[in-house]
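Biologist: I'm new to this one. Could you walk me through it?

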Amino acid sequence: MSSTGDDAAVGGRCAVHMPRTARTVTDLPRMGRFPAVQPGQPAIERLAPTSELLGFRGPTACAAAGITYRQLDYWARTGLLEPSVRTAYPSTSQRLYSFRDILLLKIVKRLLDAGVSLQNIRVAVAHLQAADHGDLAGMTLMCDGATVYECTTPQQVVDLLKSGQGVFGIAVGAVWQELELTLGRLHAERTDTGETLVGHDPADELAQRRNRAV
């Protein structure tokens with residue numbers, strides 16, 4: 001059974017360090033593109049998975065973040081990470097997550113797997129949600145299992161490693177690129193029209209070309 005994080009041991013006080021040094025904004029490539037039309041129709045517009053016009057339903061968010069629906073539901077109900085596009089209220093609606101929401105879901109999963117307590121993860125999530133979009137892309141998170149540190153320069157990472165504690169790092173920009181590629185292959189929903197958009201999977205397109213060639 002997958003853990004939702006509620007049974008994680010409560011660790012020491014979480015210190016998400018926010019150095020006041022200048023940050024480098026990473027210019028990330030926009031890999032995935034969504035056609036704003038159904039298959040078989042001419043492509044009129046293509047949207048990046050990071051577009052504010054796109055939202056992703058719960059099952060898609062789970063697949064992209066590598067979590068179970070039970071975890072997703074629990075984290076939303078307890079306020080750890082609620083969808084920013086559309087909540088499950090009223091009960092007839094379905095949750096709709098933004099790209100940024102799913103990025104944080106992936107980070108939460110990695111922190112939880114590393115043994116970070118849910119209490120400390122909540123502090124880290126609140127900090128990440130408040131971060132500027134560009135700052136988030138260039139951020140590196142370091143964790144020793146109890147404390148989460150934000151590093152914005154290579155020297156800060158080196159200094160932390162020299163402390164002699166066992167730490168692991170999460171390069172948010174790398175997670176960003178991985179997620180963008182993944183979501184580009186999955187279905188999305190336009191937030192302005194409610195239209196379901198079909199993701200573009202190069203592997204499926206290659207298979208279709210091979211079938212036509214036979």
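A few questions and answers follow.

Modeller: Quick note before we start: this is a predicted model, where local features need pLDDT of at least 70, side-chain atom pairs count only at pLDDT 80 or more, and totals for chains, interfaces and linings use all residues. Residues are numbered from 1 along each chain as its sequence is written, and side-chain values use heavy atoms, leaving out hydrogens and water.

Biologist: What does the secondary structure of the protein come to?

Modeller: We go by DSSP runs, numbered from the N terminus: helices are H or I with at least four residues, strands are E with at least two. On that basis, the protein has eight helices and nine strands.

Biologist: Which strands stand at the edges of the open sheet of four strands?

Modeller: Strands pair if DSSP finds at least two bridges between them. The order is S4-S3-S8-S9, with antiparallel pairing. Each edge strand has a single partner, so one side of each is left without a neighbour in the sheet: these are S4 (96-97) and S9 (196-197).

Biologist: Is Ile121 buried or exposed?

Modeller: Ile121 sits in helix H4 (residues 118-130). Beyond residues up to four places away in sequence, Ile121 touches Leu80, Val108, Leu111, Leu112 and Val116, a contact being heavy atoms within 4.5 Å. Buried means under 20% relative accessible area, exposed over 50%, and partly exposed in between (1.4 Å probe, protein chains only). The relative accessible area of Ile121 is 0%, so Ile121 is buried.

Biologist: How much of the protein do buried residues make up?

Modeller: The protein has 214 residues. Of these, the buried share is 43%.
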